[in-house]
Amino acid sequence: MTSVDPLQTHPGSALPVAIEAIELHRIAMPLVRPFETSFGRQTAREVLLVRVLTEQGEGWGECVAMADPVYSSEYVEGAARVIEHYLAPALLEARFLRAPDVASALSFVVGHRMAKAALETAVLDAQTRAAGISFGEYFGAVRPEVDCGVSVGIAPSIDELLEEVRGYVDEGYRRIKLKIKPGWDLEPVAAVRELLGASALLQVDANTAYTIGDIDHLRELDAFGLLLIEQPFVEEDIAAHVRLAQAIDTPVCLDESITSASVAQDAIDRDATAIVNIKAGRVGGYLEAIRVHDVCSARDVPVWCGGMLETGLGRAANVALAALPGFTLPGDTSASNRYFAEDLTESFVLMDGRLAVPAGPGSGVTVRTELVGEWATRPSVLLARG
């Protein structure tokens, strides 16, 4: 099992960091092409960044909440407010913290996992930088690079979809994921399968767009030899996913439903899922994500790392997470140019369908603070100890 506190094994690194201040930054980054799913269409990524200033140095975290509460109940403005008024003051009051202490310090606030994850990541970044170890080393990574897939949004036409997919194949991505919804499923999947050939890794993601009445329709996807179908029903309805898993041959994968290691264990034990998509922000942070990984590994359930259109900051942590042993399927850890013409950190570049795990201290990347200022959508917020 992977340790969730390997800092204890590094001499002199188990000491807490002393938090002096927390900054919140709001920026907007245009996408290189619109990204459409069953819950909406994005042309830009509004990002909330958290910077923790400690006596030992600084650390950065990225909140993966979207601009509007359409993917989950969390959204950027809400996350910023709950951090400013509740979560950040709690960390400042505690002051001396280690990354594994953050969750308990913030537990008085119900939910808001994405906001909590951003703070925990920033503290983890500060602590591992001070200790001189990387996220990969901290998490228990076993690979220096990870296989990458790409998530393809809903296109205006089949021809435009195929053109986009061809481009990703030419770039070397090792797995294609198609966003689907009622009315955009069988035809695009059939067209892409024909383009890729029978042996290529192809999966679909419904983002909760279907109902249990669609089981017979979803069974038709069996004809395309898919790697998996991801989250067809609403997250709370584990029972519907159990019924789907019994009715179709395509493996069912849960995403939005998995909010913690205990929920993952329950879903697996109920045969609601054969594969799990792990998103650190969705489960409250990278330490809980490691626990989800461990639960799945103990039950021989493969996992892969999902994406939320992260900047290089969030992508660095995701790539380190995806290097753990249980991540046996390519994730949504695409290169920077999949989403952004210019990234917030040094760009992640695809090499032979893989991304390298950053080896430097902490996240292993450097936030380009000049771009944080240039892309700011409002003044930053500084919260300091009284």
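Mentor: Start with Asp 205 and Lys 177. Their side chains meet in a salt bridge, with N to O at 3.4 Å. The term means a side-chain nitrogen of Lys or Arg within 4 Å of a carboxyl oxygen of Asp or Glu. This pair links distant parts of the chain: Asp 205 sits in strand E8 (residues 202–205) and Lys 177 in strand E7 (residues 176–179), 28 residues apart. Helices (H or I, at least four residues) and strands (E, at least two) are DSSP runs, numbered from the N terminus.

A word on the source. This is a predicted model, in which local features need pLDDT of at least 70 and side-chain atom pairs count only at pLDDT 80 or more, while totals for chains, interfaces and linings use all residues. Residues are numbered from 1 along each chain as its sequence is written, and side-chain values use heavy atoms, with hydrogens and water left out.

Now burial. Asp 205 has 1% relative accessibility, so it counts as buried. Lys 177 is at 2%, so it is buried too. The cut-offs are under 20% relative accessible area for buried, over 50% for exposed, and partly exposed in between (1.4 Å probe, protein chains only).

Lys 177 has another partner. Glu 230 forms a salt bridge with Lys 177, and the closest N and O atoms are 3.3 Å apart. Again distant parts of the chain are linked: Glu 230 lies in strand E9 (residues 229–230), 53 residues from Lys 177 in E7. Both Glu 230 and Lys 177 are buried.

Step back to the network. Salt bridges link Arg 175, Lys 177, Lys 179, Asp 205, Glu 230 and Asp 332. The structure holds 27 salt bridges.

Take a helical example next. Glu 288 bridges to Arg 291, with the closest N and O atoms 3.0 Å apart. Both are in helix H11 (residues 286–298), three residues apart, so about one helical turn separates them. An α-helix has 3.6 residues a turn, so residues three or four places apart point the same way. Glu 288 is buried at 17% relative accessibility. Arg 291 is partly exposed, at 32%.

H11 also packs on a helix. Its axis and that of helix H12 (residues 312–322) come within 11 Å and cross at roughly 25 degrees. Axes are lines fitted to C-alpha atoms, for helices over the stretch in contact, and angles run from 0 to 180 degrees between N-to-C directions. H11 is therefore roughly parallel to H12. That class covers angles under 35 degrees; over 145 is roughly antiparallel, 65 to 115 roughly perpendicular, and the rest oblique. Contact means heavy atoms within 4.5 Å. From H11, Tyr 286, Ala 289 and Ile 290 meet Gly 314, Ala 317, Asn 318 and Leu 321 of H12.

Compare another pair. The axes of helix H1 (residues 76–94) and helix H3 (residues 113–131) come within 10 Å and cross at roughly 50 degrees. H1 and H3 are therefore oblique to each other. In H1, Ala 79, Val 82, Ile 83, Leu 87, Ala 88 and Leu 91 meet Ala 115, Lys 116, Leu 119 and Val 123 in H3. The residues of this contact divide into nine nonpolar, no polar and one charged. Here Ala, Val, Leu, Ile, Met, Phe, Trp, Tyr, Cys and Pro count as nonpolar, Asp, Glu, Lys and Arg as charged, and the others, Gly among them, as polar.
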